[in-house]
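Reader: I have a structure open before me and would like to learn how to read it, feature by feature. Could we go through it slowly, with the general idea before each case?

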Amino acid sequence: MNTTTAANSFTISSTYLNATNINVGPFAGYSFSTSATGTYTASLSLTQPGGQFSQEVFVKFSPTAIQFYNGNIPVSGGGANAINVAVRGSGNNAAPTVVTGAAELLTPNKIGRASCRERVFSSV
């Protein structure tokens, strides 16, 4: 509790997007960056030109209470259907853990996927 894990990541990729921003988050207990060593924020608004797009999103888990932090990171924008990236985390007095999974990505025609190898990450 009150610690932050190492970064895990998932990739957003799609084609035939319009030029509106791609939005990631927010989801309580998690923060996001476009670089493993970058600045992490509660949500991201990713500028993209439309058409083909691919971006790795890094995720850190920072529990503030002894509880489960299970649910979905929302991803939307680009004129495509919104998707969710499933996450599981638990805050406790020992090292916290989180596991991320794969999710269908943004698209009117299932053009792309967001995926993440399932991992557990923890901090001390």
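Reader: In which sense do β3 and strand β5 pair, and over how many bridges?

Author: Strands here are DSSP runs of E with at least two residues, while helices are runs of H or I with at least four, and both are numbered from the N terminus. Two strands pair if DSSP finds at least two bridges between them. In this predicted model, β3 and strand β5 (residues 51-61) pair in the antiparallel sense, over four bridges. Residues are numbered from 1 along each chain as its sequence is written, and side-chain values use heavy atoms, with hydrogens and water left out. Because this is a predicted model, local features need pLDDT of at least 70 and side-chain atom pairs count only at pLDDT 80 or more, whereas totals for chains, interfaces and linings use all residues.

Reader: Are the two faces of strand β3 covered or uncovered?

Author: In a regular strand the side chains alternate between the two faces of the sheet. A residue is called buried under 20% relative accessible area, exposed over 50%, and partly exposed in between (1.4 Å probe, protein chains only). In strand β3 (residues 30-33) both faces are covered, for Y30 and F32 on one side are buried, and so are S31 and S33 on the other.

Reader: What surrounds S33, leaving aside its neighbours within four places in sequence?

Author: Contact means heavy atoms within 4.5 Å, and by that rule S33 touches G38, T39, Y40, L44, E56, V57 and F58, once neighbours within four places in sequence are left aside. S33 counts as buried because its relative accessibility is 3%. A polar contact is a pair of N or O atoms within 3.5 Å; within protein, one must be able to donate a hydrogen and the other to accept it, and residues adjacent in sequence count only if both atoms are side-chain atoms. The side chain of S33 reaches the backbone oxygen of S35 at 2.9 Å, and a polar atom of this side chain lies 3.2 Å from the backbone oxygen of T39.

Reader: Which side chain does the side chain of S9 join in a polar contact?

Author: The side chains of S9 and E56 are joined by a polar contact of 2.7 Å. S9 is found in strand β1, and S9 counts as buried because its relative accessible area is 12%.

Reader: Which residues have the most contacts inside the largest nonpolar core?

Author: In soluble globular proteins, nonpolar side chains tend to be buried together. A nonpolar core is a set of buried Ala, Val, Leu, Ile, Met, Phe, Trp, Tyr and Cys residues joined through side-chain atoms within 4.5 Å. The largest one here has 20 residues, and F10, I12 and V24 have the most contacts inside it. At least two residues of this core come from each of β1 (8-17), β2 (22-24), β3, β4 (44-46), β5, β6 and β7 (80-90). Not counting residues up to four places away in sequence, V24 touches several residues, among them F10, I12, F32, V57 and I73.

Reader: Where does S62 lie, and what does its side chain contact?

Author: S62 lies in the loop between β5 and β6, and its side chain makes a polar contact of 2.8 Å with the side chain of T4. The C-alpha atoms of S62 and T4 are 4.4 Å apart, although the two residues are 58 residues apart in sequence. S62 is partly exposed, because its relative accessible area is 24%.
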